[in-house]
Structures are given as structure tokens and as C-alpha cells.
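This report describes a model of two protein chains. The sequence and coordinates come first, and the text follows them.

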Amino acid sequence: MNKTALSLGFGSCPRCQKVNKMHNERQQCSRCHYWFHARKPNSIQKTMAWTITALVLFVPANLYPMMVLNTLGKTESSTILQGISAFVQVGHYPIAIIIFIASFIIPLGKIIGLFILIYNVKHKTNINLKRQSHLFHIVEKIGPWSMLDVFVVVVMASVVNLGFLSNIEVAIGASYFALMVIATLMAANSFDPRLLWDNKPLTKEQVYEQ
Amino acid sequence: MQVNTDTLIACQLCDTLVNIPQISSGEKAICPCCQSVLYVPKKHSLERTQAISLAGLLLLLPATQLPLMGIYAAGKYHQTSLLECITLLTNNGFYLIAFCVLIFTIVVPAVRLFTAFYLTYCLQRNINKPFLMVFFRSYHLLDNWAMIHVFFLGVIVSLYKLVDIADVAIGAGIASLVMLLMCSTMLSVCIDYRYLWTELERSHE
């Protein structure tokens with residue numbers, strides 16, 4: 001009974017969500033004049049490329065320091081993990097957990113989740129499609145939170161700026177981290193969740209209909 | 001075969017095509033295949049969207065200009081605002097991060113608020129502008145790129161960090177930022193895409 005728009009010759013505009021009759025592979029939405037395809041073209045390849053980029057950038061983002069602390073001539077630099085362990089040592093567990101989730105678990109979870117989704121589309125595994133759809137929804141929504149640590153460093157650097165006495169500077173790791181977050185956002189953007197359902201086997205009724 | 005596509009809606013997650021159900025506000029349309037939300041009609045969407053987006057636009061200036069927080073250390077007081085954060089980053093040569101902060105916390109929210117306000121204003125006055133569609137399309141595109149909520153959490157975390165080091169004072173910028181955050185969240189709650197798009201389509205005919 002449930003038929004996809006594609007199988008009936010329709011396509012929905014990704015911007016305004018209007019259902020259009022597809023005359024060509026690429027056509028203009030009759031409502032918002034946006035040029036679109038029934039499915040995002042080369043979605044899997046693009047998602048794969050962005051996800052691998054994010055994975056590669058994840059390494060320097062964690063190896064290089066996020067910020068440099070200068071106090072009375074002494075310099076001290078810290079990476080994300082060092083920052084988290086400093087919190088744990090002081091005893092600020094809630095903050096340590098928040099930063100650990102935002103800057104470690106979310107990006108890694110997003111990258112792994114996207115790899116799982118790509119694998120499932122490529123190998124046409126039709127297990128738990130609902131859950132996979134749900135996974136994509138989560139991956140799409142949690143993305144921005146991994147930017148947290150960059151914002152923390154930016155605010156810290158801007159407030160603690162007392163000249164020679166003590167100041168905090170942003171370091172190169174933050175740039176890599178921001179790039180990594182952008183790559184994961186682009187990856188989630190270029191993935192087309194409808195591809196998951198396209199390989200769904202026909203139900204008995206649909207087979208009889210045909 | 002001519003089909004009226006106005007009565008159809010396709011699920012954005014699984015592409016199942018269904019007839020638009022007649023539902024009243026307070027109810028949700030759920031996809032029969034993947035159980036995701038198809039659309040939710042909103043009460044007084046036009047007026048609410050307009051009011052909230054106007055409030056958000058007015059808050060944009062204080063939220064970026066007023067000091068977020070300051071510290072007392074070694075007899076000195078230093079405070080900073082969102083815009084000063086960005087200028088400091090550009091002065092230090094971190095153009096990429098400065099660009100990210102500028103886009104994600106100021107430009108994207110500003111464009112979304114402005115689009116919502118301008119669109120509802122024009123629909124109410126029956127003013128017809130061709131680039132309204134471009135604006136509204138960009139609104140959909142920018143949905144996942146607004147990060148005021150993340151920035152706000154970042155400010156809270158850094159407050160927590162700084163309390164150990166020095167005496168910290170909270171500025172008026174934080175209050176404006178909270179209200180801006182509320183406006184931007186309420187905007188995405190109140191806006192009714194389907195209703196606005198059909199109105200926009202009708203006004204263009």
C-alpha cells in the first residue's frame with residue numbers, strides 16, 4: 001500500500017517539500033523554482049567523501065592544542081583531552097562529561113553512524129529500516145553541538161586578555177576542529193535518507209498487484 | 001493522467017507518498033511507513049512568527065554588542081562581547097574560526113529571523129516580491145547551521161572554567177543572548193512551512 005513518490009513518477013522538492021510530477025531527471029519546482037532531482041545525485045559518494053574528510057581532520061583536531069595559556073611569561077598549551085582531564089582532576093565532573101560528549105562522542109558517533117548508513121545503502125541490507133531512518137535523524141540533529149569546545153575556547157581567549165599578566169590564545173587545533181565539524185555537517189547534508197528505503201523488498205500485496 | 005499534486009505530501013525521510021490528511025492544530029501528521037512527522041499545523045502561525053521574529057531582530061544588536069562577561073584579575077578589569085570575540089580572532093590571524101563564529105552565531109540566525117519577518121510582513125500586506133522565494137528557500141537551507149544554542153552553552157562552560165581562575169562578572173549581553181536564543185527556538189516552533197508556502201504560492205498566482 002505504501003508507495004514511494006519516485007515509483008509513481010513524482011518527486012518532492014527538498015526546499016519547499018511540494019510534490020512535483022517529474023518530467024525530467026532534473027527539474028524546477030513549480031512552487032519555489034528550485035532545481036532539484038528526485039534523489040540527491042551522487043549522494044553516497046559525496047557523503048563518503050565528506051565523512052572520510054571528517055575522520056582525517058579528527059586526528060589533528062585532537063593532537064594539536066586547542067588553546068595556549070600564558071601566565072607571567074610561562075606558556076602552557078592543552079589539547080581537548082588534556083582540557084577534559086584537567087576538569088576531572090579539579091573535580092568538575094558534569095562539565096568534563098559535557099565537553100567529552102560534545103567534542104568526542106558526538107563527532108565520532110556521527111562519523112560511525114554515517115559509515116553504517118552508507119554501508120547499509122550500498123549493500124542493501126534491509127534490516128530495521130525504521131531504526132536506520134531514526135539514526136539519520138539523530139545524526140542530522142546533534143551535529144552543531146560538537147562546535148561547543150571551539151566556542152568555549154573563543155570566549156575564554158576573548159575574556160582572558162590581560163596583556164603580559166595572563167592571556168589565553170586560540171591555537172591551531174581549534175581550526176582543525178571547526179573544519180572537522182563543518183565536514184560532518186556537510187556529510188549529513190549530502191546524505192539522502194530516502195535511498196535507505198529504495199531497496200526495500202516488495203510486500204506480498206505489491207507483488208500480487210504487479 | 002493529470003493529478004492534483006497539491007493534495008499530496010511525500011515523507012522527507014522515506015519518500016512515501018500520501019494524501020494530506022485533514023488535521024486540526026494540536027495534531028500531527030505521521031508517515032505510515034517510517035512513523036516520522038510529516039507536518040504539524042500551527043495555530044496563528046503568521047502572527048506569532050511575525051511577532052517573534054521582530055523581537056529576535058531587535059535583540060540581535062544588544063546580544064552582539066553588549067558585554068557577555070568580564071573578569072577582574074590583578075587589579076584590571078576586562079570584558080568582552082560577541083563582536084569583540086570575532087575582532088580579536090581576526091586580529092590574531094584565526095580567520096577560519098572568526099568566520100565560523102560570525103556565520104554560525106550571527107549571520108545565519110539573522111538571516112532566518114529577517115526572512116521570517118519579511119515573509120510574514122509581505123504576506124499580511126499582500127506585497128508580492130519575487131525574491132521572497134529565494135529568502136524562504138534559504139531559510140530551509142540554513143535550518144541546521146544556526147548555533148546560538150551551542151554558543152550559549154559554550155559561554156556557560158567558559159564561565160564555569162573562569163570562576164576558578166578569577167573574579168567573574170556577568171554582563172547584560174548574556175541576558176540578551178538568552179532572549180535571542182528563546183526567540184530563535186520559538187521561531188522554529190511557531191513557523192508553519194506548509195501554510196506559508198501555500199500562501200506564498202497563492203499570492204504569486
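This is a predicted model: local features need pLDDT of at least 70, side-chain atom pairs count only at pLDDT 80 or more; totals for chains, interfaces and linings use all residues.

N4(B) sits in the segment ahead of β1 (8–10) of chain B; strands are DSSP runs of E with at least two residues, helices are runs of H or I with at least four, and both are numbered from the N terminus. N4(B) is partly exposed, at a relative accessible area of 48%; buried means under 20%, exposed over 50%, and partly exposed in between, with a 1.4 Å probe and protein chains only.

Residues are numbered from 1 along each chain as its sequence is written, chains are lettered from A and ligands numbered from 1 in the order in which they are written, and side-chain values use heavy atoms, with hydrogens and water left out.

Chain B contains seven helices and seven strands, in the order β-β-β-β-α-β-β-α-α-α-α-β-α-α from the N terminus. Its radius of gyration is 21 Å, well over the 17 Å of the globule rule for 205 residues, so chain B is more spread out than a compact globule. That radius is taken over C-alpha atoms, and the rule is 2.2 Å times the number of residues to the power 0.38. Chain A has eight helices and seven strands. With a radius of gyration of 23 Å, against 17 Å from the rule for 210 residues, chain A is also more spread out than a compact globule.

| Chain | Span along principal axes | Buried residues |
|---|---|---|
| Chain B | about 80 × 40 × 30 Å | 52% of 205 residues |
| Chain A | roughly 80 × 35 × 25 Å | 49% of 210 residues |

At the interface, 58 residues of chain B are in contact with 66 residues of chain A, contact meaning heavy atoms within 4.5 Å. The two chains bury about 6,000 Å² between them, of which 71% is on carbon and sulfur atoms. On the chain B side, Q12(B), L13(B) and D15(B) lose the most area to chain A, together 11% of what that side buries. Buried area here is the accessible area (1.4 Å probe) lost when two parts are put together, summed over both.
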